[in-house]
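Keep the 3D view open as you read.

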Amino acid sequence: MPAQERKQRERAERERLIVATARELAEQHGWDAVTTRQLAERIEYSQPVLYSHFRGKREIIGAVALDGATEMAAALRAATAAAAGPRARVTALARAYLDFAARNPAVYDAMFQLDGGLAFAHEDTPPPLKDAFAALLETLAEVAGDGVHPGLFTELFWAALHGLATLTRAGRLPPEYAEHRVELLVDRLAVL
């Protein structure tokens, strides 16, 4: 293996390690615990090595968000692929989205709450973010209704899911009605 190829592979592995460690720290202790000093100690590299990969915490948050978007898109597609019929697909999509947000709170924050320096809804939106939206659109476009722009409907449905995820996590919504909320959302917004 040529030296340049080996160096590129080692660099990519270090970058994955930094992102995975940041994610782990954030999930365990919150994003305030993710500092370059803490990361350097955990991965046993110097802070300058971290800065050779990321200019700071903002870029690390962005990298975690991109990984999260890839994972969320896969989870949404897996859930909807296993469901038969539009209603079942939309319900499976909503559950998978809310489950992802609940299981990965720090990643969800990186994706939608924190500044990771990522552009949303622009030409230069990174592909993983576009793909996560596409995973929503693929299912929701079929239930948007006549004369309703599928992208706008998807944005509205996504906003409702995000609100449910955020309010549930903050303890603002009683947990015993979680399933009923999903059913109500699907029944009231989707044209089935």
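How many residues does helix 5 have, and how far does helix 5 reach from its first C-alpha to its last? Helix 5 has 18 residues and reaches 25 Å, close to the 26 Å expected at 1.5 Å a residue. The expected span is 1.5 Å times one less than the number of residues in the helix.

## About the model

This is a predicted model, in which local features need pLDDT of at least 70 and side-chain atom pairs count only at pLDDT 80 or more, while totals for chains, interfaces and linings use all residues. Residues are numbered from 1 along each chain as its sequence is written, and side-chain values use heavy atoms, with hydrogens and water left out.

## The overall picture

The protein has 9 helices and 0 strands; helices (H or I, at least four residues) and strands (E, at least two) are DSSP runs, numbered from the N terminus. Its C-alpha trace spans about 55 × 40 × 30 Å along the principal axes.

Of the 192 residues, 36% count as buried. Buried means under 20% relative accessible area, exposed over 50%, and partly exposed in between, with a 1.4 Å probe and protein chains only.

Buried residues of helix 5 include Val 90, Leu 93, Tyr 97 and Phe 100. Among the elements covering the buried residues of helix 5 are helix 4, helix 6 (105-112) and helix 9.

Helix 5 packs against helix 9 (residues 178-189) at an angle of about 135°, with the axes 10 Å apart. Axes are lines fitted to C-alpha atoms, for helices over the stretch in contact, and angles run from 0 to 180 degrees between N-to-C directions. That makes helix 5 oblique to helix 9; angles under 35 degrees count as roughly parallel, over 145 as roughly antiparallel, 65 to 115 as roughly perpendicular and the rest as oblique. Residues making the contact include Arg 87 and Arg 95 of helix 5 and Glu 179, Glu 183 and Asp 187 of helix 9. Contact means heavy atoms within 4.5 Å.

Helix 7 (residues 127-140) buries Leu 129, Ala 132, Ala 135, Leu 136, Thr 139 and Leu 140. Seen down the axis of helix 7, these residues fall within an arc of 125°, so they line one face of the helix. The arc is that of the directions from the helix axis to the C-beta atoms.

Gly 147 sits in the loop between helix 7 and helix 8. Gly 147 is exposed, with a relative accessible area of 86%.
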